[in-house]
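Thanks for coming. I would like to go through the side-chain contacts in this one. Please have the structure open on your screens.

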Amino acid sequence: MNKSFLYISLLLLLASCTDSHFKVSGNIAGAEGKMVYLTRQGLDKEEICDSARVSADGDFSLKSVRPEAPEFYTLNVDSAEVWLAVDSTERISIEAQLKDMRHCKVTGSEETRQIQQLKNELDANDAAIINSVDHFVKTATPAQRAAGTDSLKQYAYGLISKFKEKEKKTIQKNSQSLVAYYLLFKRSAYGISPFNVSDPADRRYFAIVANAWNHRYPKALRTQQLKEMMGEADQQAGQMSRQQTMQQMDKTGYIDLSLPDRQGQVRTLSSLKGKTILLEFCYLAEFTPDMNKSLIATYNKLKNKNFDIYMVTYDKNYDVWRAKAAQYPWTVVLDAQEASYVTYNITMFPTNFVIGPDGSIVGKDVTLKELETYVLRKKIGAINKENG
């Protein structure tokens with residue numbers, strides 16, 4: 001019995017040791033006899049975790065202690081490297097040609113495969129940008145060079161913009177992943193970043209990833225990095241927003257908005273000045289039938305009392321948004337760039353402001369009952385959430 005117990009204990013101990021490591025193995029044709037390295041690409045330091053010599057058949061095998069939070073590693077042979085995303089993965093397999101490592105076959109880690117695909121796509125964009133610049137420099141006259149710089153910039157940013165719009169969904173779909181993190185920090189040719197934390201429209205995606213990582217990996221260095229970046233960016237945005245708000249409030253009492261409705265016609269918030277305005281920020285997709293019914297009933301009750309609604313929405317599916325927007329009898333606009341999200345310092349949805357006929361903001365996050373009381377009785381005190 002004692003021997004059996006000892007044997008079982010040893011097996012369990014060995015199993016636990018095995019589970020605490022991950023393994024990277026495979027075959028690299030053309031690398032026979034060369035050294036291959038597994039390197040952790042940490043924020044704190046870059047360190048070689050393991051190394052081995054590639055066999056005569058091209059086979060190799062490496063392992064390292066599994067990280068407590070998702071982490072990037074690279075597989076390095078000579079000057080070639082493959083980026084690896086390691087989370088709960090126990091085994092990653094690589095099949096590659098040394099002369100073309102970036103098109104290797106990856107199994108055992110879907111995130112590694114996705115990052116490889118993203119990197120190749122950005123590399124292709126970089127090549128297109130560099131080729132265009134080289135061709136322009138070689139063929140353009142001095143006069144053409146002076147005039148053509150802006151068009152080259154537009155071409156470069158156009159390529160990156162297409163990539164960015166496609167990958168926004170990737171971030172939203174799997175915000176806790178290394179893929180989402182990779183997208184936020186990857187730079188393209190000439191230092192162009194698809195996502196920039198200083199850009200008000202991009203900051204939302206940094207916030208999505210920061211919140212997801214903080215929820216799942218609160219002690220990770222990459223989580224702390226994201227939180228610090230968001231804190232600095234929010235502070236800078238807050239300072240700019242306060243300055244802009246003060247300047248705009250001196251003129252109109254609120255910050256004007258100019259956004260397209262479902263017909264593509266630009267509708268301004270200021271066009272409703274002189275009325276009591278409910279300025280609503282929301283996703284139409286999140287409005288329930290009961291919410292729709294209540295808001296429409298309130299609108300119908302107040303619309304003849306010098307009242308109107310200006311609804312700013314952020315829905316991503318344009319066709320669905322357009323169909324839903326048609327259901328409402330007031331102004332519904334789409335902010336695809338999400339600039340108003342920062343302008344009005346929105347932290348959650350839905351959020352609303354009530355603007356009085358004189359242009360002053362008299363309430364924030366009011367209930368429909370409070371709104372009715374104000375419009376029907378002109379009692380500003382009825383809106384006590386946040387008076388302007």
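I will take the charged pairs, then the aromatic rings.

Keep in mind that this is a predicted model.

Start with K164, which forms a salt bridge with D202, the closest N and O atoms being 2.6 Å apart. This pair links distant parts of the chain: K164 is in helix 3 and D202 in helix 5, 38 residues apart. Both ends are buried, K164 with a relative accessible area of 14% and D202 with 2%. K164 also lies over the face of F195, 5.7 Å from the ring centre.

Next, K275 and D308, with closest N and O atoms 3.4 Å apart. Here K275 sits in the loop between strand 10 and strand 11, and D308 in strand 12, 33 residues away. K275 is partly exposed at 28%, while D308 is buried at 10%.

The third, D123 with K119, has its closest N and O atoms 3.3 Å apart. These two are about one helical turn apart, because they are four residues apart in helix 2.

As for the network, salt bridges link R40, D44, K45, E47, E71 and R222.

Now the rings. There are 17 aromatic pairs. One of them is Y283 with Y314, tilted, at 6.1 Å between centres and 55 degrees between planes. Both tyrosines are buried. Elsewhere, ring pairs join F72, W83, Y181, Y182, F185, F206, W213 and Y217 into a cluster.

Last, the charged end of R204 sits over the ring of Y205, 5.7 Å from its centre.

Note on methods
Residues numbered from 1 in each chain as written. Predicted model: local features only at pLDDT ≥ 70, side-chain atom pairs only at ≥ 80, totals over all residues. Heavy atoms only, no water. Phe/Tyr/Trp six-rings, centres within 6.5 Å; stacked < 30°, edge-to-face > 60°. Buried < 20%, exposed > 50% of the residue type's maximum accessible area, 1.4 Å probe, protein only. Lys NZ or Arg CZ within 6 Å of the ring centre and 35° of its normal. Salt bridge = Lys/Arg side-chain N within 4 Å of Asp/Glu carboxyl O.
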